[in-house]
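Good morning, everyone. Please have a look at the structure on the screen while I talk you through it.

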Amino acid sequence: MIDLLAIPRRSPNSAYRTYDGQATIVLPDRAEVNVLNPIGSIVWDRMDGTRTVAQLIEAVVEEYEISPEQARRDVLEFIETLRQHGMVS
Amino acid sequence: MKIGLDRPPRSRYISRVLKAICAIQNQAQKGAVRIVLSTELTANQTSVRGDVVPDDLFFSRLREPFGTSSVVLRIGPLEMCLEGLSRRQAEDLGRKFRPFVADAAARPDVRIALYRAGVEHFLRARCDGSLEMYRLESRRSGKHLLLWSYEFASRLDPSEGRAVLALVEERGERFDRGLENFLRVLTASYILERDGLLLHASGVVRNGAAHLFFGPSGRGKTTVTRLSPEDLVLSDDLSLVVRNGNRFEAAGIPFGMAHHRTPDTRESFPIASINSLLQSVEVRREPLRGGRALAEIVASLPFVMQETGQAGRALEVVGRLLEEVPVYRLWFREEPSFWALVEETTR
């Protein structure tokens, strides 16, 4: 279970660039290139080691017409997915 | 809209020239998680029993150059001086790489000292029937980068612009392959610092404009060149993208040709289009944009995506390329009608 006060960080073993609102992330260790969709890219851009999970959820609620509960569920699932792929620490 | 990863099809690349085996996997993906396995990478491959792993001591003990001759190669904006060659090696390379051989360079980008390796091999190909992807190993050792593959091992000092290259054979196929594969790796790495790229793509020049066709092996890069008999083929496998003034151009390179001879020119030509190939019964083209275009091109860069710093640099250069050159998905069949679509870019 991800703590809402946890501060997820982008993996230092990743390289990324956001182009046209989509983040493209390279993971050399895993030989993977991943592309995030626009909402995922907003969350990724904000994972700079200063924001809590709760603040990331707030950012999504502010950016999109979405209920806090829906945003919470999606952001938590998204971060878990990133973790499974070694993209956040 | 679901938060997630946008997944292009999985693909694995191994260059035919590099004696590798290709496996293309297209999977109908569902759900939020989408991933491209970069085909150029050889990370996480297991070693094979009998692999020779060179260390600093190995390189410090190299004493025997092949001779005292040298050859300067000019590849795009890069100058590479090969030293320690026998006279015969120098003559052979001079013939083989003719348009790319330059007069002695005062300040080459890199001086490469060649030595006899004194071993029969570095990496060994698998003999157990399992899939052998081309393997290139690398390791940092202080300020040096150590690289080794089947027929070569190198210690590279990028800050000094120097490299030591140990080759297992003095001539023949294994010498050629070892040297050329090393030069490919070196070109891919050095060209990034000049805002360029070495791309797994064929390159064809029509009416003075270069068109690049990329994709994993089996997508039709060579087929496109065969369907362009009146045009200048820069490469059927690896294309060099260079920054020339304020634009991107494609340049010929002395290697990377699987089915054509080395191009007769080292000139570069403005890039009019970049096309991601798909073989099909229909002929059509759609713009390829955003992160997906970036990811597909990045996944077609050999050798430079194994290290985070270089990967970051490659993302920057590809991002700039996308801002200036249109990228398309091109469905084509084995006849030249696709050129009518491709040429629309230059009209």
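**Strands first, then helices**

Four bridges join β4(B) to strand β6 (residues 110–116) of chain B, and the two run parallel. Before going on, some ground rules. This is a predicted model: local features need pLDDT of at least 70, side-chain atom pairs count only at pLDDT 80 or more, and totals for chains, interfaces and linings use all residues. Residues are numbered from 1 along each chain as its sequence is written, while chains are lettered from A and ligands numbered from 1 in the order in which they are written.

Now the terms. Helices (H or I, at least four residues) and strands (E, at least two) are DSSP runs, numbered from the N terminus. Two strands pair if DSSP finds at least two bridges between them. Strands of a sheet pair through backbone hydrogen bonds, either parallel or antiparallel.

Back to that pair. Glu83(B) stands opposite Ala113(B) in β6(B). Next, β6(B) is joined by six bridges to strand β10 (residues 162–167) of chain B, again running parallel. There, Arg116(B) faces Leu167(B) in β10(B). What about β3? Strand β3 (residues 69–75) of chain B and strand β4 (residues 78–85) of chain B run antiparallel, with seven bridges between them. Ile75(B) sits opposite Leu78(B) in β4(B).

What is the order of the whole sheet? It is β5-β3-β4-β6-β10-β9-β8-β7 in chain B: an open sheet of eight strands with mixed pairing. Strands β5 (101–102) and β7 (137–141) of chain B are at the edges, each with a single partner strand, so one side of each has no neighbour in the sheet.

A helix lies across part of this sheet. Helix α2 (residues 87–96) of chain B lies across β3, β4 and β5 of chain B, at about 25° to β3(B). Axes are lines fitted to C-alpha atoms, for helices over the stretch in contact, and angles run from 0 to 180 degrees between N-to-C directions.

Let's zoom out. Chain B has seven helices and 19 strands. Of its 347 residues, 48% count as buried. Buried means 20 or more other C-beta atoms within 10 Å of a residue's own; exposed means 12 or fewer; partly exposed is in between; C-beta atoms are placed from the backbone.

Take one glycine. Gly196(B) is in the loop between α3 (173–192) and β11 (197–199) of chain B. Is Gly196(B) buried or exposed? Gly196(B) is buried, with 26 other C-beta atoms within 10 Å. Its C-alpha atom is 9.5 Å from that of Pro77(B), 119 residues apart along the chain.

Over to chain A. Helix α2 (residues 53–63) and helix α3 (residues 68–84) of chain A have axes that come within 9 Å and cross at roughly 125°. α2(A) and α3(A) are therefore oblique to each other. For the cut-offs, angles under 35 degrees are roughly parallel, over 145 roughly antiparallel, 65 to 115 roughly perpendicular, and the rest oblique. Among the residues that meet are Leu56(A) and Val60(A) in α2(A), and Ala71(A) and Val75(A) in α3(A). Contact here means C-beta atoms, placed from the backbone, within 7 Å.

One more pair. The axes of helix α1 (residues 38–46) of chain A and α2(A) come within 10 Å and cross at roughly 140°. α1(A) and α2(A) are therefore oblique too. On the α1(A) side, the contact includes Ile39(A) and Ile42(A).

Methods. Contact = placed C-beta atoms within 7 Å.
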